[in-house]
Number of protein chains: 2
Amino acid sequence: MRKEKIPAATIIRLSVYQRYLKRLLANGVKVVSSSELAYEASVNPAQLRKDLSYFGRFGVRGVGYDVASLLNTISGILGLLDEWRVVLVGAGPIGQALLRHPQFSRQGYVFEAVFDFDENHIGKQLEGGHTVRAIEDLPKVIKERGIQLAVLAVPSERAQEIADVLVESGIKGILNFCTTRIRVPRGVSVQYVDFTILLDTLTYKISQNNTGNKEPVSSAKPKWAREHSWPVVQSNIQRQGVSLTS
Amino acid sequence: MRKEKIPAATIIRLSVYQRYLKRLLANGVKVVSSSELAYEASVNPAQLRKDLSYFGRFGVRGVGYDVASLLNTISGILGLLDEWRVVLVGAGPIGQALLRHPQFSRQGYVFEAVFDFDENHIGKQLEGGHTVRAIEDLPKVIKERGIQLAVLAVPSERAQEIADVLVESGIKGILNFCTTRIRVPRGVSVQYVDFTILLDTLTYKISQNNTGNKEPVSSAKPKWAREHSWPVVQSNIQRQGVSLTS
DNA sequence: TTTCAAAAGTGATTTTTATAACAATTTGAA
DNA sequence: TTCAAATTGTTATAAAAATCACTTTTGAAA
Ligand SMILES: NC(=O)c1ccc[n+]([C@@H]2O[C@H](COP(=O)([O-])OP(=O)(O)OC[C@H]3O[C@@H](n4cnc5c(N)ncnc54)[C@H](O)[C@@H]3O)[C@@H](O)[C@H]2O)c1
Ligand SMILES: NC(=O)c1ccc[n+]([C@@H]2O[C@H](COP(=O)([O-])OP(=O)(O)OC[C@H]3O[C@@H](n4cnc5c(N)ncnc54)[C@H](O)[C@@H]3O)[C@@H](O)[C@H]2O)c1
């Protein structure tokens with residue numbers, strides 16, 4: 001445990017586990033086994049245990065994991081015990097859809113300020129109570145409030161220039177909805193949300209199936225699949241995006 | 001070439017290459033080398049050549065790749081030479097942001113119909129000319145028009161039941177914005193667009209850095225990095241989501 | 001108590017993916 | 001016509017990640 005390099009996929013899975021743990025907690029479930037939780041997350045139970053083992057030992061052999069405590073542990077690992085303040089750049093349709101959504105605040109993310117370039121937007125009060133500010137104020141606000149996270153939802157051609165400003169102002173993580181890869185220095189992380197690429201992978205698979213060029217379907221159930229009423233789905237955590245990090 | 005199992009990450013990268021090829025074509029660039037294109041996509045040039053080699057030989061040694069022809073080839077591989085009709089389920093903020101966006105039609109995706117449950121939405125004319133239809137019509141429309149792709153943007157609690165209807169009606173690929181994993185039978189593909197998970201990976205990394213628990217930074221430039229004016233970013237294609245497929 | 005079944009933790013193994021290295025081509029200039 | 005530079009295609013190697021299989025621990029029932 002510890003020291004070892006932790007796979008990026010592990011972090012993603014932790015986030016998925018966390019979500020199910022929240023649900024279990026809400027349902028009053030006290031204890032959960034690796035198989036149960038892994039099944040919910042559609043991963044191999046050994047994988048789940050391995051994922052956790054990078055960080056310590058949190059279960060009780062023969063028993064399972066305490067839901068509340070594991071949830072707390074994972075939240076801590078992900079850095080989610082504190083509130084995170086976020087700036088939104090680009091108050092277009094995507095940006096506004098995000099602002100409205102309760103999922104973020106539930107997870108501890110708070111939109112602290114919203115910026116746009118368009119004169120027609122600036123000063124407008126948005127649903128949810130945010131007022132759009134001029135992009136010129138961005139560096140000041142970030143620096144003064146020590147904000148570390150940004151959501152980038154400007155037109156893609158603007159992505160790099162805004163990213164440069166964000167980095168310059170001290171932002172450490174960018175959730176990028178734009179369809180261009182951006183370059184950031186080491187120490188700043190970027191995650192891409194790229195719908196069209198995901199659609200393309202769907203069309204690829206459908207085309208494959210249609211042309212009879214099927215994937216070698218391993219029709220055997222995975223050993224760890226439990227009996228249940230719906231079709232068994234092969235666990236399949238896939239690379240699903242491209243991320244520039246440094 | 002061929003036969004071999006093709007990594008999911010390869011398909012994602014093809015989509016990224018395709019995007020840059022489009023841009024090159026628009027700029028009148030006729031020929032591109034693996035290093036140039038790979039650099040744009042932030043991957044290793046050997047990786048790019050390997051990716052292409054799964055499907056055939058498309059370049060000219062000593063010269064490079066013909067932009068127009070490679071673009072066409074990749075589009076063909078991804079199944080993007082034809083138009084794809086898509087149904088949207090859930091005309092909330094996310095759904096509407098998608099409808100409005102020109103990126104999709106540019107890539108050959110056409111929203112063929114929009115469905116919602118809410119009486120207040122049904123019948124409404126949305127920006128872009130779509131009329132919201134009652135969810136009850138969904139199976140009929142999908143079957144009659146032979147639609148294979150769906151975008152799922154309903155409240156997450158509804159995700160599974162709607163997915164079941166989609167599958168039952170003949171949908172082969174689902175782009176899922178909901179925050180629950182859905183189960184689908186073999187032969188149907190699902191891709192998840194899950195913003196909060198991506199934010200969580202950002203907070204994880206930032207927390208790591210803040211606690212001094214830094215990643216072992218390999219400060220050496222990758223060999224294939226070219227000289228240029230911005231900071232060199234280590235290529236880093238990461239697992240970036242969780243996808244259930246079958 | 002003792003025994004058994006359940007289930008975590010983890011080293012060993014397998015599988016998958018990425019990178020490197022180099023032979024084979026091609027072009028163009030000497 | 002020959003040589004050198006550029007650049008692909010591909011095999012070999014390395015790295016990373018997932019899975020297996022076994023050991024240990026626990027709790028509860030006999
Ligand atoms: N908007 C975000 O920032 C965000 C972030 C994370 C996740 N998501 C997820 O994306 C999905 C959509 O987000 P949103 O903000 O547009 O959601 P929303 O809940 O505001 O809107 C969903 C729409 O679906 C419709 N609907 C409800 N039940 C339906 C049914 N049975 N059949 C058809 N339509 C139905 C509703 O009438 C509404 O118009 C949600 O699952 C949400 O959790 C959104
Ligand atoms: N909406 C989608 O379905 C979708 C799909 C794929 C990709 N994207 C990408 O997501 C991003 C945002 O999408 P959208 O539909 O909200 O975009 P949009 O272009 O409609 O809105 C972007 C907003 O950014 C503002 N803006 C422009 N220049 C700015 C600047 N220099 N500084 C600050 N603000 C600026 C604009 O005024 C506008 O309000 C785009 O990059 C788009 O390519 C969106």
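So, helix α8 of chain A, residues 159-169: it lies across β4, β7 (149-152) and β8 (173-176) of chain A, running at about 170 degrees to β7(A). Contact here means heavy atoms within 4.5 Å. Axes are lines fitted to C-alpha atoms, for helices over the stretch in contact, with angles from 0 to 180 degrees between N-to-C directions. Helices (H or I, at least four residues) and strands (E, at least two) are DSSP runs, numbered from the N terminus.

Quick caveat: this is a predicted model, where local features need pLDDT of at least 70 and side-chain atom pairs pLDDT 80 or more, while totals for chains, interfaces and linings use all residues. Residues are numbered from 1 along each chain as written, chains are lettered from A and ligands numbered from 1 in written order, and side-chain values use heavy atoms, leaving out hydrogens and water.

Okay, the sheet. In chain A, 6 strands make an open, parallel sheet, ordered β6-β5-β4-β7-β8-β9. β6 (132-134) and β9 (189-192) of chain A each have a single partner strand, so one side of each has no neighbour in the sheet. Pairing takes at least two DSSP bridges; β4 (84-89) and β5 (109-116) of chain A have 6.
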